[in-house]
Amino acid sequence: MPKNNGRQFKTVVIGVSTGGVSALKLLLGALPADYPLPILIVAHITPDADDGLAVLLNTLCAIRVKEADEGEPIKPGTVYLAPANYHLLLERGGTLALSIDPPVNFARPSVDVLFESAAEVYGPALIGIILTGAGSDGSTGLLKIHQQGGLTIVQNPADAEMGAMPSSALQLLKADHVTELHEIPGLLLRLAPRKP
Amino acid sequence: MTNDELIDLEIKLLMEGVYQVYGYDFRDYSEASLRRRLTQWLSGSGLATLSLAQSQLLRDRALFNTLLRGITVNVSDMFRDPAFFKALREQVVPHLQTYPFVKIWHAGCASGEEAYSMAILLLEEGLKGRFRIYATDINEEVLRKAQEGIYPLQEMQRFTRNYQQAGGRCSFSDYYTARYDHAILNAQLRENIVFAAHNLAVDADFGEMNLILCRNVMIYFKQPLKERVLGLFDNSLAPGGFLCLGTKESLDNREISGRYEAITQRMQIYRKKYAKK
C-alpha cells in the first residue's frame with residue numbers, strides 16, 4: 001500500500017510528450033467515471049492542433065475528458081487537457097488559467113509551467129506524474145512539487161516509449177514511486193480520498 | 001504564513017505601490033501568470049525578495065521599466081492562428097468591403113505583428129485607402145518596436161507559412177526587405193496604422209469602431225477587469241461591428257453577451273447586433 005500519511009490529495013497533474021496518446025489512453029481508460037480528484041494534463045501537441053485529443057480520449061474513457069477553458073473551476077471526475085499553443089496554470093481557489101507567455105523548454109503548453117503553478121497552490125495535496133516523452137520538460141516542475149511536499153510518480157524509463165523525460169526527472173529528484181504505466185491507475189485509486 | 005502566502009502578499013503590496021506611484025494598474029491581473037512573470041523578473045534582478053525590490057522599484061523609474069517589460073510584454077506572430085485570419089478574410093472582410101471607410105481597434109498589439117497582418121489582409125482584399133488601424137498597447141517601449149516594423153529574419157519562415165495558411169494572395173516576401181539578420185516591413189503597411197499607448201485597465205473607450213481585435217490579452221485579467229474591458233469594447237463598437245477574441249476566449253456568460261452573436265464556431269468572432277427599433 002502506498003503511504004499517504006493521512007494526507008488528503010486534492011489534484012493530480014500529469015506531463016507527457018512523445019508517446020502520449022497511447023499512454024493517456026491506457027492510464028485514463030483505466031480510471032472510473034467518478035474518480036474523486038480533478039486531473040490536469042499537459043501533453044505536447046502541435047501549435048495548430050484543435051481539441052481532437054480531448055474529444056478522442058473522452059470517447060474512449062469512462063472519465064470525462066475535456067480541453068481546459070480559461071477561468072474554469074476544476075471538478076472531480078474530470079480530466080483537463082492544456083489547449084494547443086497555450087500554457088495551462090492553476091489559480092488559488094482551483095480555477096484554470098491560460099497564458100501565451102513564451103515557450104518553456106521549447107514547449108507551449110509546458111509541463112513545468114503547470115506543475116510549478118499547481119505546486120504553489122496545492123503543496124502537499126498535489127500528485128505529480130511524469131510519463132513517456134523526449135526532452136526534459138517537467139523535471140524542474142516535478143522537483144518543485146517534491147519540495148512543496150507533494151507526491152511524485154515517474155514512469156519507469158525502461159517501460160516508456162521514450163525514456164528521456166522520465167530519466168531527466170529522476171536525475172533531479174528521488175521520486176516517491178517509479179513504476180510501470182499499467183500500475184499507475186491502481187496507484188491513483190489507492191491515493192484518492194475515500195468516498196464518504 | 002507559508003512562503004507562498006508571503007510571496008502573494010508581497011505581490012499585492014508591490015502592485016498597490018506601482019499603481020499609486022506610476023498609475024499602472026495590475027491589481028486585477030490573474031495571479032498565476034503574474035506570479036510567474038514576477039518570479040522570473042526577480043530571479044534576473046539579483047534581489048532576494050519582492051519586498052527588497054519594492055523599495056527600489058518605487059523610486060527608480062528605469063528599474064520599474066524593466067519590471068513593466070517583464071509583466072506586460074507579449075510575443076506574437078504574424079498571422080498567429082492562421083485559421084482565425086482565414087475566417088476573418090472569408091467571413092468578416094466581405095462585410096467590411098461594403099463600408100466606405102473601416103476603423104479598426106487592435107487592443108494589446110504588443111510589437112505589432114498582428115496589426116501588420118491585418119493591414120496586409122485588408123490591402124489584399126481591395127481596401128487600400130479605406131481603413132485605419134488604431135493599434136494600442138500599455139507598454140510604450142514595445143509600441144516603439146511595433147512602429148519600426150523590424151523583425152528577426154529567422155521569424156520570416158514561420159510568418160510565411162502562417163500567411164499562406166491564412167489564405168494569403170501574394171508572396172509574403174513582397175512585404176519585407178531583408179537586411180542582415182532582420183526583415184524590414186514595407187513602409188506602405190504602416191501608412192494605415194496609428195500606434196498609441198492605451199491602458200485597458202484605466203483608460204476610456206475609443207469612438208465608433210467597425211472591428212475590434214483583442215486576442216489573448218484578457219486571459220491575463222481577473223473577472224471584474226474582463227467585464228470592464230468588454231464594456232469598453234461594447235461602447236466603442238458601432239452596431240454591426242465585429243469583436244475578435246483569442247481561440248480560448250469566449251463571450252459566454254458575460255454582461256455584454258446578449259448584444260452579440262457568434263459568426264464562427266471555433267474562432268471567437270462576434271458581431272454586435274443592430275438595436276431593435
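Trainee: Let's start with the contact: how many residues does it take from chain B, and how many from chain A?
Mentor: The contact takes 13 residues from chain B and 16 residues from chain A. Keep in mind that this is a predicted model.

Trainee: Which helix gives the most to the side of chain B that touches chain A?
Mentor: Helix α2 of chain B, residues 31-45, gives the most, with four residues.

Trainee: And by class, what does the side of chain B that touches chain A have?
Mentor: That side of chain B has five charged residues, four polar and four nonpolar.

Trainee: Staying with chain B, how is the chain divided into domains?
Mentor: Domain 1 of chain B covers 3-72, and domain 2 of chain B covers 82-272. Their C-alpha centres lie 29 Å apart.

Trainee: How many residues of the two domains are in contact?
Mentor: Ten residues of domain 1 of chain B are in contact with ten residues of domain 2 of chain B. On the domain 1 side, the largest share comes from helix α4 of chain B (residues 61-72), with four residues. By class, that side of domain 1 has five polar, three charged and two nonpolar residues.

Trainee: OK, on to sheets. In what order do the seven strands of chain B form their open sheet?
Mentor: The order is β6-β2-β1-β7-β8-β10-β9 in chain B, and the pairing is mixed. The edge strands are β6 (193-197) and β9 (260-262) of chain B, each of which pairs on one side only. On average, neighbouring strands of this sheet are turned by 20° against each other, direction ignored.

Trainee: Do β2(B) and β6(B) run parallel or antiparallel?
Mentor: β2(B), residues 131-137, and β6(B) run parallel, joined by five bridges. As a landmark, B:Thr136 stands opposite B:Ala196 in β6(B).

Trainee: Which helix lies across β2 and β6 of chain B?
Mentor: Helix α7 of chain B, residues 140-148, lies across both strands, and α7(B) runs at about 165° to β6(B).

Trainee: There's also a sheet of three strands. What is the order there?
Mentor: In chain B the order is β3-β5-β4, an open sheet with antiparallel pairing. Here β3 (150-152) and β4 (176-179) of chain B are the edge strands, each pairing on one side only. The twist averages 30° from one strand to the next.

Trainee: How many bridges do β4(B) and β5(B) pair over?
Mentor: Four bridges, in the antiparallel sense, with β5 of chain B spanning residues 182-185. You can find your place from B:Ala178, which stands opposite B:Ala183 in β5(B).

Trainee: Switching to chain A: at what angle do α3(A) and α4(A) pack?
Mentor: Helix α3 of chain A (residues 111-122) and helix α4 of chain A (residues 139-147) pack at about 15°, with their axes 7 Å apart. They are therefore roughly parallel to each other. The crossing in which α3(A) passes α4(A) is left-handed.

Trainee: Which residues meet there?
Mentor: A:Val111, A:Asp112, A:Leu114, A:Phe115, A:Glu116 and A:Ala119 of α3(A) meet A:Thr140, A:Gly141, A:Leu142, A:Lys144 and A:Ile145 of α4(A). The residues of this contact divide into six nonpolar, three charged and two polar.

Trainee: And how does α4(A) pack with α5(A)?
Mentor: α4(A) and helix α5 of chain A, residues 164-172, pack at about 45°, with their axes 8 Å apart. That makes α4(A) oblique to α5(A). The crossing of α4(A) and α5(A) is right-handed.

Trainee: Last one: how far apart are the axes of α1(A) and α2(A)?
Mentor: The axes are 10 Å apart, and helix α1 (residues 20-29) and helix α2 (residues 52-60) of chain A pack at about 35°. The crossing of α1(A) and α2(A) is right-handed. A:Val21, A:Leu24, A:Lys25, A:Leu28 and A:Gly29 of α1(A) make the contact with A:Leu53, A:Leu57 and A:Leu60 of α2(A). The residues of that contact divide into six nonpolar, one polar and one charged.

Technical notes. Residues are numbered from 1 along each chain as its sequence is written. Chains are lettered from A and ligands numbered from 1 in the order in which they are written. This is a predicted model: local features need pLDDT of at least 70, side-chain atom pairs count only at pLDDT 80 or more; totals for chains, interfaces and linings use all residues. Two strands pair if DSSP finds at least two bridges between them. Helices (H or I, at least four residues) and strands (E, at least two) are DSSP runs, numbered from the N terminus. Axes are lines fitted to C-alpha atoms, for helices over the stretch in contact, and angles run from 0 to 180 degrees between N-to-C directions. Domain bounds come from an automatic or database domain assignment. Two residues are in contact if their C-beta atoms, placed from the backbone, lie within 7 Å. Ala, Val, Leu, Ile, Met, Phe, Trp, Tyr, Cys and Pro count as nonpolar, Asp, Glu, Lys and Arg as charged, and the others, Gly among them, as polar. Angles under 35 degrees count as roughly parallel, over 145 as roughly antiparallel, 65 to 115 as roughly perpendicular and the rest as oblique. A crossing is left-handed if the near helix is turned anticlockwise from the far one by less than a right angle, and right-handed if clockwise.
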